[in-house]
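Student: I would like to go through this structure and ask what each label rests on.
Tutor: Go ahead, one label at a time.

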Amino acid sequence: MAKRIALFNHKGGVSKTTTAFNLGWKLTELGHRVVLVDTDPQCNLTGLVLGYRGATELESFYGDHPDRNIFAGLVPAFESRPAPITAVECVEVAQRPGLFLLPGSIQLSEYETTLGIAQELTGSIQALQNLPGAMPFLFDMTAEAHEADYVIIDMSPGLGPINQNLLTTSHYFIVPTAPDFFSVMAIDSVSRILPKWQKWAEQASSMDILKDASYPFPAPATKLLGTVVQNYRPRRGRPASSFQHWIDELAQAVETILIPAIDGAGMLLPGAEYEKAGVSLSSLNLVQIPDFNSLVAVSQEHQKPVFTLEPSDIDHKGTVLEQMLDNRDQFNGLFEDLATKVIQLST
Ligand SMILES: Nc1ncnc2c1ncn2[C@@H]1O[C@H](COP(=O)(O)OP(=O)(O)OP(=O)(O)O)[C@@H](O)[C@H]1O
Ligand SMILES: [Mg+2]
């Protein structure tokens, strides 16, 4: 069965989507098949992967392929259709064989309220018993159809019922962060919410009605792989001091607040596993990724990650080109390191 890895932080703009895309790409470079799932109704990952530039082109994708998105895939469960959930035909990423996208849908938000009611686990669960297990079921079917080893789940920023479901039904999760004040604050609330969600999932998975559903709610077993610190501005290869301050604060919050909170909820791997993968037990940091700077524009233009850019993609010469290629190699090393740790920790 494919491993489902969720990228979760309710704080917005901390590189969840960027990390999902780059990690997924790197995993395929290392020989794995990957389905990226866009569960954010804002559909940023879908926009990134499809590389469509105008609204009309995106519109024609959804118009021409109304069944090829997450919302459409869930319709059988949420609209109580007699036909069962089946795999969604993903979009293969143009320049990356083995990397697929299960596109997002703005309509997914329509299911937030219904799923929320189901997840209250009160009287109405009778009629809604097929909802809590629907998303992991859909991802499994879709991964199987594409022979994927990994499902990378890009989540929206928020603490709603859909995210509660996605997080508790994943096998692993990663917390992307940015080195700033609000990211440190966010670690605080993530630490409070995760144990609550875990407790809820334990209760849900123990209920016969959810065990006997067409799409049974899986027993929660999600584990934190680690954090990613992204988008800081380096000075001579090291984070600038104002960023270093927030990186240290983040590490401190993870060590003193997050780790104790989720350890109690059974959401950590055994310490030896982190050590074996070269992940510090105190910060659980997987990687620190600097600002892509001038490579961002080139990567967007060519619709591929910064670490895959070729000299012919870059419209510069001489030392500027050399500097950019040096940076590319640095990012390549960092994402390879991240993907290698993810593989090791999830094996
Ligand atoms: N290392 C980086 N260097 C430069 N820009 C970056 C880097 N990482 C992310 N970005 C940019 O930062 C912005 C936010 O990143 P991204 O969309 O991945 O965050 P997110 O957590 O998914 O946001 P949201 O919560 O809105 O879904 C994007 O414009 C992205 O291109
Ligand atoms: Mg995003």
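Student: The model is predicted. Which residues of helix 4 are called buried?
Tutor: In helix 4 (residues 70–78), the buried ones are Ile70, Phe71, Gly73, Leu74, Pro76 and Ala77. The label needs 20 or more other C-beta atoms within 10 Å of the residue's own.

Student: What do the buried residues of helix 4 pack against?
Tutor: They pack against strand 2 (34–38), strand 4, helix 5 and helix 7. After helix 4 comes Ser80, with a positive phi near 50°.

Student: Why is Gln164 called buried?
Tutor: Gln164 has 21 C-beta neighbours inside 10 Å. The cut-off is 20 or more, so Gln164 counts as buried. Its place is in helix 8 (residues 161–169).

Student: What is Gln164 in contact with, leaving aside neighbours within four places in sequence?
Tutor: Gln119 and Trp197. A contact requires C-beta atoms within 7 Å. As for Gly116, it is 48 residues from Gln164 in sequence, and the C-alpha atoms are 9.3 Å apart.

Student: What makes helix 8 as a whole "mostly covered"?
Tutor: Nine of its nine residues are buried. They run from Pro161, Ile162, Asn163 and Gln164 through Asn165, Leu166 and Leu167 to Thr168 and Thr169. These residues pack against strand 1, helix 5, helix 7 (134–145), strand 5 (150–154), strand 6 and helix 9 (181–206).

Student: How is the packing of helix 5 on helix 8 described?
Tutor: Two packed helices are described by the angle between their axes and the distance between the axes. For helix 5 (residues 110–119) and helix 8, the angle is about 65° and the axes are 8 Å apart.

Student: Which residues meet there?
Tutor: Glu112, Leu115, Gly116 and Gln119 of helix 5 meet Pro161, Ile162, Gln164 and Asn165 of helix 8. By class, the contact has three nonpolar, four polar and one charged residues. Gly is counted among the polar residues in this scheme.

Student: Why is strand 6 called largely enclosed?
Tutor: Six of the six residues of strand 6 (residues 172–177) are buried, so the strand is largely enclosed by the rest of the structure.

Student: Which residues of strand 6 lie on each side?
Tutor: In a regular strand the side chains alternate between the two faces of the sheet. In strand 6, Tyr172, Ile174 and Pro176 are on one side, with Phe173, Val175 and Thr177 on the other. All of these are buried, and both faces are therefore covered.

Student: How do you know that strand 6 pairs with strand 1 and with strand 7?
Tutor: Pairing requires at least two bridges. Strand 1 (residues 3–7) and strand 6 share three bridges in the parallel sense, and Ile5 has Tyr172 as its bridge partner. Strand 6 and strand 7 share six bridges, again parallel, with Phe173 opposite Leu224.

Student: What makes strand 3 and strand 10 edge strands?
Tutor: The sheet is open and mixed, with eight strands in the order 3-4-2-5-1-6-7-10. Strand 3 (91–92) and strand 10 (285–290) each pair on one side only.

Student: Leu286 lies in strand 10. Is it buried or exposed?
Tutor: With 29 other C-beta atoms within 10 Å, Leu286 is buried. Beyond four places in sequence, Leu286 touches Ile174, Leu225, Gly226, Thr227, Val228, Val279, Leu338 and Lys341.

Student: Which residues have the most contacts inside the largest nonpolar core?
Tutor: Val35, Leu36, Val151, Ile152 and Phe173, in a core of 100 residues. Helix 11 (residues 241–264) gives the most to this core, nine residues. Phe173 is in contact with Ile5, Ala6, Phe8, Leu167, Thr222, Leu224 and Leu225, leaving aside neighbours within four places in sequence.

Student: Which residues come nearest to ligand 1?
Tutor: Of the 16 residues around it, Gly12, Lys16, Thr17, Thr18 and Pro157 come nearest. Helix 1 (16–29) and strand 7 (223–232) each supply at least two residues of the shell. The largest share, three residues, is from helix 1. By class, the shell has five nonpolar, eight polar and three charged residues.

Technical notes:
Residues numbered from 1 in each chain as written. Chains lettered and ligands numbered in written order. Predicted model: local features only at pLDDT ≥ 70, side-chain atom pairs only at ≥ 80, totals over all residues. Near = placed C-beta within 6 Å. Helix = DSSP H or I, 4+ residues; strand = E, 2+ residues; numbered from the N terminus. Core = buried A, V, L, I, M, F, W, Y, C linked by C-beta atoms within 7 Å. Buried ≥ 20, exposed ≤ 12 C-beta atoms within 10 Å, placed from the backbone. Contact = placed C-beta atoms within 7 Å. Axes fitted to C-alpha atoms, helices over the stretch in contact; angles between N-to-C directions.
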